[in-house]
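Here is a short briefing to read with the model open beside you.

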Amino acid sequence: MIDILHKEDCCGCHACQTACPIGCIEMVTDNEGFLYPQVNKTLCSDCKICEETCPMLKQLPQGQPPLAYAAWCQDNSVREASSSGGIFSTLMQHTLNCNGVVFGAAFDTTMTLRHLSADNESECLKFRGSKYVQSIIGDTFKEVKSFLHQRRHVLFSGTPCQIAGLYAFLGKDDDCLLTCDVVCHGVPSPKVFAAYMADLERRQRAKVTKMSFRSKEFGWKRFSVAINFDHGREYRRILTDDPFMIGFLRDIYLRPTCHTCRFSRLPRVADISLGDFWGVAEHHPEWDDDLGTSLVLVQSPKGHAILKECMDLLVVHKADLEVAVQSNPVISGSVPEAPERTDFFRDLDNLPFESVVANYMRPPTLCHKWIKYGWKRMRRLAQCLKSSFMVIVEIFFQ
């Protein structure tokens with residue numbers, strides 16, 4: 001039976017729970033807010049199906065490095081509403097045109113992130129955009145299996161570990177299944193996100209009705225968190241000023257397994273991987289208009305075929321994989337655990353949330369910004385002044 005002795009050994013994909021033939025595994029929230037499987041040993045028959053299904057215990061398949069592309073949707077309205085270049089929306093539309101079903105993550109009325117399915121365009125819109133919190137898979141793996149049995153096309157999007165969990169549960173690939181993983185930085189704690197939401201609602205004296213982690217009002221590179229409330233007001237902060245995003249990007253409250261993720265590697269587990277092509281301005285400025293340029297990694301013949309069928313709706317440029325990885329290193333590696341992680345979760349349970357924010361999630365000071373962003377510019381300025389001084393000296397002594 002599944003027995004989680006070390007938290008870093010479980011990615012929370014729900015595959016073991018879904019595969020259990022007698023339903024004796026329950027996903028239980030730990031003190032950090034993450035879900036882990038808990039076996040009812042009285043009911044368990046020790047059939048070991050859960051162990052055989054767990055993607056963390058399987059050998060990862062080997063393969064050729066993926067092909068990399070910089071791409072974006074030609075429809076600017078789709079691109080503006082997307083976190084990056086709108087490629088996922090194009091894949092969704094392709095699936096719906098084939099009478100297929102799309103699976104993705106969306107917030108419910110309680111602002112809990114869940115994996116859901118949809119087979120029409122209006123319902124699929126809720127899957128657009130990045131959501132920086134771990135979603136609850138629920139019974140979606142079983143739903144995928146049922147739709148594939150009916151020979152309906154399925155697009156399943158999620159984190160790499162969720163895609164690996166789906167494949168592990170199905171036991172094989174399927175011609176009707178297209179998987180799409182996100183280039184994942186790691187999944188933050190739902191407990192922290194809930195505390196953040198509760199604090200915002202307390203301050204606003206209103207309920208959250210809608211949230212976007214990646215609004216492009218200030219541009220793609222300086223994206224902002226935008227939250228709407230039922231009293232009609234909006235909260236908006238750029239990524240470096242919002243406490244939740246600050247803590248997320250500092251890697252303070254990611255799931256333990258994210259720091260040693262076995263799925264952040266090349267080749268990746270999905271047919272297609274989508275992320276931001278953050279280095280595009282430096283390496284290919286002609287592909288950058290600050291509206292969002294997607295990085296597309298294609299791993300399988302099926303992924304290549306689907307992308308080719310979508311070409312009429314996209315702008316696609318062949319890219320260098322090495323440049324792509326250099327610009328977005330979590331493609332092939334994990335982020336380190338923040339040194340203050342243990343202290344953070346201790347304080348989260350014992351201090352008011354505003355105190356936790358003040359201690360761990362405050363925006364960088366002006367001094368910190370100068371050190372981080374200004375040092376190279378100051379060195380460049382010093383080099384220019386030195387060069388100018390040498391020219392003056394040379395002219396004077398001629």
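Tyrosine 196 is in contact (heavy atoms within 4.5 Å) with Met211, Val225, Ile227, Tyr235, Asp242, Pro243, Phe244 and Phe353, leaving aside its neighbours within four places in sequence. This is a predicted model, where local features need pLDDT of at least 70, side-chain atom pairs count only at pLDDT 80 or more, and totals for chains, interfaces and linings use all residues. Residues are numbered from 1 along each chain as its sequence is written, and side-chain values use heavy atoms, with hydrogens and water left out.

**Nonpolar cores**
- A nonpolar core is a set of buried (under 20% relative accessible area, 1.4 Å probe, protein chains only) Ala, Val, Leu, Ile, Met, Phe, Trp, Tyr and Cys residues joined through side-chain atoms within 4.5 Å.
- The largest nonpolar core has 59 residues, and Tyr196 is among those with the most contacts inside it, as are Phe193 and Met197.
- Helix α8 (residues 190-204; a DSSP run of H or I, at least four residues) gives this core its largest share, 5 residues.
- A second, separate core of 36 residues includes Phe103 and Val269.

**Strand β4**
- Of the 7 residues of strand β4 (residues 101-107; a DSSP run of E, at least two residues), 6 are buried, so the strand is largely enclosed by the rest of the structure.
- β4 pairs (at least two DSSP bridges) with β6 in the parallel sense over 3 bridges, and phenylalanine 103 stands opposite phenylalanine 156.
- β4 and β5 run antiparallel, joined by 6 bridges, with alanine 105 opposite histidine 115.

Definitions and conventions:
Buried < 20%, exposed > 50% of the residue type's maximum accessible area, 1.4 Å probe, protein only.
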